Amino acid sequence: MTSNWENFEMPNRSEQRLTCNRIFRHLIFYHLQKFTGKIKVSSTKGEEWSFYFLLGNLTWASGGSYPLRRWRRQFYAATGKLPNLDHLDWNAECWDCTELRIQSESNSLAIEQVQTIVNGTLKEVLFDVVQAFEASIYQYLGCPQTLISLSQLTGIGDGMDLEVQEGVTPDRYYRLPYSLFPNIKRLQETTYQHWKKWIRLGLSQVSPNEAPLLLEPEQLQRRVSPKVYQNMAKGLQGKTSLRDLAFKFKKNSDFFTIASAIAPYYKEGLINFNKIKDLSVYNSEKQKYSTFTLSEKPQEESFLFAIDSSRKNQSLLSAIAQRQGYKFEAVSDGLNALYKIVNNPLGRPKIIFASYDMEIIKPTEFCTIIRRIELLQPVPIIFYTKHPIPNKEAQNILYAGANELINQNSLAPSYVNSIIKKYQQGKSNLKDKNQPTINQGTYSNFRLSPNQTSFSMSVS
């Protein structure tokens, strides 16, 4: 086996140790073994992808969180038309590959179009797998904008859970001509170049399957031309993924063009990225499926809300929220935050983290307004500050409805996770012992010292 590895040429031997090539260490192994079957890759977050081999040739890939969106993009890229999903076989090993076979057999797809769909699908899935397993590493290292190698992470494993099933094919009736099988070396080089470009844009924590949202339209409008602003305001509404935006703006699968244009504004906090759902089809009375019908009944989603103009703090809280399975929303000022929270049709935030130095309105005003709304009364509000707070101010903000006031130095993942866990378990809410109540007596003077993580009032 050692000789096989040595005989396998790569663009640069040092790339063998790049973290973005971890998935290819497994794929190349089964390629060299002339393997036929399925390799299922799972992440700790529950995401799954499957790679299919025929005599060592990588033939198809499926899985991930957005299979319908991916199929629509790849079909449209090959044909210029949207696919029809009325008769998808959901019982097939891979419904998309089965549909590809049906379209091919009916001469609806030319052989070149089939090849375009196969290659495009593999490239998308490979990028998503790299993104899923690399984002946490780059976040841990402070989100560098250069590729890192495994040698920088002594003792780390690849974190991938692999399940191997021999003899499984994506569609048992379909055999692509060998001339259409993609070259795994070229796929590796393409994936490497795409990930390198993504890292250089400073987007390691962002997935192209997420939807960019314009947070500060006024600031952006002052910095770009009217035509550019009109396009960006229209496209960046937090509903359309970056990949889908590329097709909307006639860039086909080149989402890097749009990413390059908005990356500087993302770094400045003018743009954020929202997680969205895959397209959905619903089952009718005749057990048929409609074509790309968006769900008519949006479900309430759990999300963590942050109010802070600091991009660093937003990124930290976003990473924590994603690990907890929450959607994440962030704005830079309290007034905009109130508008988004009050007008959110999908429910209320599970918890609000806010900088004590929030812009436009005061923390006490923010809390007072939130607590007047019945549905928002149980939502925990955690303020953090890096400056000493006089006793009077701290007392006022807690009386206004804040649950805790902590030191900004405590915004470490472990401590923030402990706060989230505490309120998840219902141990603290507006009616519990952490909410100050007025008794006869006086409060001791208060200053938040650098070593102090939280503030609690004591009655004397």
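A nonpolar core is a set of buried (under 20% relative accessible area, 1.4 Å probe, protein chains only) Ala, Val, Leu, Ile, Met, Phe, Trp, Tyr and Cys residues joined through side-chain atoms within 4.5 Å. The model here is predicted: local features need pLDDT of at least 70, side-chain atom pairs count only at pLDDT 80 or more, and totals for chains, interfaces and linings use all residues. Residues are numbered from 1 along each chain as its sequence is written, and side-chain values use heavy atoms, leaving out hydrogens and water.

**Exercise 1.** Find the residues that touch the most other members of the largest nonpolar core.

*Solution.* Start with the core itself, which has 78 residues. Within this core, Ile23, Leu27, Phe51, Leu100, Trp195 and Trp198 touch the most other members. Next, look for the largest share: helix H5 (residues 111-140) supplies 12 residues. Finally, a second, separate core of 26 residues includes Phe305 and Tyr356.

**Exercise 2.** Trace the surroundings of Leu27.

*Solution.* Then list its contacts (heavy atoms within 4.5 Å), not counting residues up to four places away in sequence: Phe51, Phe53, Leu58, Leu126 and Ile184.

**Exercise 3.** Work out the strand order of the open four-stranded sheet.

*Solution.* Strands are DSSP runs of E, at least two residues, and two strands pair if DSSP finds at least two bridges between them. Begin with S1 (residues 37-42) and S2 (residues 48-54), which pair in the antiparallel sense over six bridges. S3 (57-63) and S4 (161-166) are the edge strands, each pairing on one side only.

Notes:
Buried < 20%, exposed > 50% of the residue type's maximum accessible area, 1.4 Å probe, protein only.
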